[in-house]
Amino acid sequence: MREITHDPLMLAEPGNAAAHAWRERDLNVLWHPCTQMREHPHTLPLLPIASGQGPWLIGRWLDAISSWWTNLFGHAEPRIAAAIAEQARTLEHVILAGVSHPPAVELAERLLAIAPRQAGRAPLAKVFYADNGSAGVEVALKMAFHWFRNRGEDGRTKFVALENGYHGETLGALAVGDVPLYRRVYAPLLIESLFAPSPDAYACEPGQSPAERARQAAQALRELLERHAGQVCAMILEPRVQCAGGMRMHDPEYLRLAREICDEHGVFLIADEIAVGFGRTGTMFASEQAGVMPDLLCLSKGLTGGALPLAAVLATQSIYDGFLDDSRERAFLHSHSYTGNPLACAAALASLSIFEQDDVIQRNLATSARMAELAAPLGEHAHVADVRQAGMILAFELTRGGDKRTPFDPAARIGLRAYRAALERGVLLRPLGDILYWMPPYCIDEDALQLLARTTREAIDSAIAEADA
């Protein structure tokens with residue numbers, strides 16, 4: 001078998017023979033996620049990554065998207081690495097059914113201690129582990145449905161979700177998603193869901209404020225639940241930011257009203273904070289910005305600081321109690337082989353400790369303010385229709401002439417062109433269509449931020465010039 005060097009500096013060099021050999025080997029055996037493989041290797045460059053440090057990948061590309069929104073504190077964070085190594089010397093994995101281990105218990109205790117709270121509501125009280133974000137959503141959906149079934153309310157079989165929302169790729173999670181690119185092909189396989197209008201502030205009518213848009217969408221939600229009274233078991237939403245839907249953002253007022261409306265109709269509220277939790281939107285959890293607590297809270301991605309896959313679903317005591325019975329059929333028998341994996345739990349515990357040691361939330365406020373300053377001039381760009389931000393997430397909506405009514409022709413692939421132009425300048429962006437966004441690791445410094453802002457402008461200019469040539 002051919003040996004391929006893993007020297008990160010060599011692999012970073014354009015045209016390097018080792019990097020070319022690595023790509024060739026890859027394409028012989030790998031099927032990459034979220035990719036039209038026919039675009040490799042020419043249309044979509046395949047990046048050989050052997051190592052990372054801080055916000056950088058092999059010293060060449062700035063990881064401006066936190067490796068699919070997972071990485072919080074930078075690559076190869078020594079405190080997380082040390083925690084994983086120490087745990088590996090003690091217990092790498094054990095079944096969690098009928099068995100317990102210290103990292104799983106301690107992590108559950110710490111997550112419940114920092115979870116969102118709401119005056120007048122009993123706090124979230126139990127943690128159920130899963131392997132990844134989609135699996136966590138599946139857990140929450142099944143819990144909601146099964147709880148009502150255990151009560152004899154068999155008619156509550158429907159879920160409400162938001163238009164333009166995204167919750168994962170497994171069939172249950174996909175069923176409550178509304179991004180056509182991911183959903184359309186598999187629609188015949190999916191359970192029927194009800195979709196309420198998104199409170200997306202980008203869709204505000206002239207003169208309408210984001211809060212007014214939120215109230216308008218909330219009224220539509222109320223009417224939807226009234227039409228389907230007694231049929232809905234839960235509503236699921238992404239608080240504050242619909243990430244895969246184009247980093248579309250909404251006013252916290254919608255969360256507050258959605259909580260009220262769900263209570264009025266006896267419907268559980270599921271908060272999918274898989275992407276927006278752990279400081280991404282300016283607070284530890286986005287739900288805090290509306291002062292609300294969900295009945296079920298889904299966490300993943302940044303839960304381990306981006307080191308290992310892990311998901312956690314936090315539930316109320318009432319939901320947990322609804323499964324206690326002598327009958328095993330009334331138990332929640334959902335399981336994963338690696339549920340509560342000790343290595344992943346150890347990484348998550350180390351990540352939570354970093355939040356405390358480094359005062360991360362406060363530091364992020366300063367970083368996000370600087371991001372806003374650097375992004376502001378791009379708001380005047382001729383082809384930028386919107387610059388929007390929620391904490392450490394900042395997005396640019398690209399349209400022809402900066403007009404919301406005239407998006408670029410999808411065939412022009414402005415986003416892809418911008419992606420390639422940014423790579424040439426040392427920045428890894430992964431646009432959502434024609435929407436560029438920044439979601440960097442929290443350790444990003446001033447020099448990297450300036451590079452990110454400069455490269456984004458140059459990438460936009462290059463993409464449009466190339467398309468118009």
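This is a predicted model: local features need pLDDT of at least 70, side-chain atom pairs count only at pLDDT 80 or more; totals for chains, interfaces and linings use all residues.

Visitor: In which sense do strand 13 and strand 14 pair, and over how many bridges?

Guide: Strand 13 (residues 384-390) pairs with strand 14 in the antiparallel sense, over 6 bridges. Within this pairing, Asp 386 stands opposite Glu 397 of strand 14. Strand 14 also pairs with strand 16 (residues 435-438), again in the antiparallel sense, over 4 bridges. Here Leu 394 stands opposite Trp 438 in strand 16.

Visitor: How should I read the two faces of a strand, and which residues lie on each side of strand 14?

Guide: In a regular strand the side chains alternate between the two faces of the sheet. In strand 14, Ile 393, Ala 395 and Glu 397 are on one side, while Leu 394, Phe 396 and Leu 398 are on the other. Both faces are covered, with these residues all buried.

Visitor: What does Glu 397 meet in a salt bridge?

Guide: Side chains of opposite charge can pair when their charged atoms come close. The side chain of Glu 397 meets that of Arg 248 in a salt bridge, at 2.9 Å from N to O. Because Arg 248 lies in strand 9 (residues 248-249) and Glu 397 in strand 14, the pair ties together parts that are 149 residues apart in sequence. Both Arg 248 and Glu 397 are buried.

Visitor: Where does the salt bridge between Glu 458 and Arg 425 lie?

Guide: The side chains of Glu 458 and Arg 425 meet at 3.0 Å, N to O. Glu 458 is in helix 15 (residues 446-468), and Arg 425 is in the loop between helix 14 and strand 15 (427-428), so the pair links distant parts of the chain, 33 residues apart. Glu 458 counts as partly exposed, at 33% relative accessibility. Arg 425 is also partly exposed, with a relative accessible area of 31%.

Visitor: Which residues do salt bridges with shared partners join into one network?

Guide: That network consists of Asp 200, Arg 248, Asp 386, Arg 388 and Glu 397.

Visitor: Which phi value does Arg 413 have, and where is Arg 413 placed?

Guide: Arg 413 has a positive phi of about 50°, although it is not a glycine. Arg 413 is placed in the loop between strand 14 (393-398) and helix 14 (414-424). At 36% relative accessibility, Arg 413 counts as partly exposed.

Key. Residues are numbered from 1 along each chain as its sequence is written. Side-chain values use heavy atoms; hydrogens and water are left out. Buried means under 20% relative accessible area, exposed over 50%, partly exposed in between (1.4 Å probe, protein chains only). Two strands pair if DSSP finds at least two bridges between them. A salt bridge is a side-chain nitrogen of Lys or Arg within 4 Å of a carboxyl oxygen of Asp or Glu.
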